[in-house]
Amino acid sequence: MKLTADAFEKLGHVSTASLTSELLKLGFRNTFMKGVNPLRPDKRLVGYAFTLRYIPAREDLDLQVDYDNLTNPQRVAVETIGPEEVLVIDARGEIGAASLGHILCTRLMCRGGHGVVTDGALRDYPSIKNLDFPTYAAGAHGTTSSVLHHPVDFQKPIGCGGVMVRPGDVIVGDDEGVVVIPIQVAEKVAQKCYEREQLEEWIQKKVADGAGIVGLYPPNEETLAEYRNWKKSKDE
């Protein structure tokens, strides 16, 4: 299931704060990832979730320095991800070792991926910040992932930043953080949120000009009629 091009484009212009409000109206309370922050606050993120899950490492299976690119789920995931997909990593909130690094981020970017989101740490943090690639993480750590993380599978439901993420869910990130939108409501949320943000920009201007919030925020019918008239006059 995919969004229309129009909805996908609109999600690149609405805030994660607005999206959480719209999702709340539909009954989705837990959609904003906790402790996951942008490396590049100037980059917007919109894409479809491609999930990767780590479990705690164990010495007989991990502590690798060289990884098998043909069998290691992390490496296979990197070589499987497609255009418009976002690698979302369940690192259990563990930031005592990296969950990904600069070279793999670069490979994801070259494959057409739209970004990386992890509730763990990233290594090569300064280099990743220089990529033209939206990346979100809970911290930085120079140690390779196998010290603490065992990649067990990909394209399964995971948790990231305390939020459920299913493969194909829509991931939206801005300079405040990351929101997960269930794919089945994403089209509706994109359209409604875009319309509401236009309304709230108009309300914000009125408040900045000295208007009180009673009847304005939230808007009553009189305010909505005024807004529609203003919008109509602009479109003519």
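Here are some friendly notes on the predicted model above, point by point.

1. **Ground rules.** Since the model is predicted, local features need pLDDT of at least 70 and side-chain atom pairs count only at pLDDT 80 or more, while totals for chains, interfaces and linings use all residues. Residues are numbered from 1 along each chain as its sequence is written, and side-chain values use heavy atoms, with hydrogens and water left out.

2. **Overall picture.** The protein chain has seven helices and 12 strands; helices (H or I, at least four residues) and strands (E, at least two) are DSSP runs, numbered from the N terminus. Its C-alpha atoms fill a box of roughly 70 × 35 × 30 Å along the principal axes. Of its 236 residues, 45% count as buried. Here buried means under 20% relative accessible area, exposed means over 50%, and partly exposed is in between (1.4 Å probe, protein chains only). Among contacts (heavy atoms within 4.5 Å) with a separation of 6 or more, 75% join residues 24 or more positions apart.

3. Not counting residues up to four places away in sequence, Leu-23 touches Phe-28, Thr-31, Val-179, Val-180, Ile-181, Pro-182, Val-185 and Val-189. With the neighbours within four places set aside, Thr-16 is in contact with Phe-32, Val-172, Gly-173, Asp-174, Glu-176, Gly-177 and Val-179.

4. Helix α7 spans residues 221–235. With 15 residues, α7 reaches 21 Å from its first C-alpha to its last, close to the expected 21 Å, which is 1.5 Å times one less than the number of residues. The buried residues of α7 are Thr-223, Leu-224 and Tyr-227. Seen down the helix axis, these buried residues fall within an arc of 95 degrees, so they line one face of α7; the arc is that of the directions from the helix axis to the C-beta atoms. As a reminder, an α-helix has 3.6 residues a turn, so residues three or four places apart point the same way. The buried residues of α7 pack against α6 (183–208), whereas the face turned away from the buried side carries the exposed residues Glu-221, Glu-222, Asn-229 and Lys-232.

5. Thr-223 counts as buried at 8% relative accessibility. Beyond residues up to four places away in sequence, Thr-223 touches Trp-202, Gly-215 and Leu-216. Asn-220 caps the N-terminal end of α7, with a side-chain oxygen 3.2 Å from the backbone nitrogen of Glu-222.

6. **Aromatic pairs.** The structure holds five aromatic pairs. Rings of Phe, Tyr and Trp (its six-membered ring) pair if their centres lie within 6.5 Å; planes under 30 degrees apart count as stacked, over 60 as edge-to-face and the rest as tilted. Phe-50 and Phe-154 form a stacked pair, 5.7 Å centre to centre with 20 degrees between the planes. Phe-50 lies in strand β2 (residues 45–56) and Phe-154 in strand β8 (residues 149–154), so the pair ties together parts 104 residues apart in sequence. Phe-50 is buried at 3% relative accessible area, whereas Phe-154 is partly exposed at 25%. Elsewhere, Trp-202, Tyr-227 and Trp-230 form one aromatic cluster.

7. **Backbone angles worth a look.** Most residues other than glycine have a negative phi, and most peptide bonds are trans. The peptide bond from Tyr-217 to Pro-218 is cis, with omega near 5 degrees, and Pro-218 is found in the loop between α6 and α7. Arg-92, which is not a glycine, has a positive phi of about 65 degrees; Arg-92 is in the loop between β3 (85–90) and α4 (102–110) and is partly exposed at 34%. Gln-155 also has a positive phi, near 60 degrees. Gln-155 is in the loop between β8 and β9 (158–160) and is partly exposed, with a relative accessible area of 30%.

Key
A polar contact is a pair of N or O atoms within 3.5 Å; within protein, one must be able to donate a hydrogen and the other to accept it, and residues adjacent in sequence count only if both atoms are side-chain atoms.
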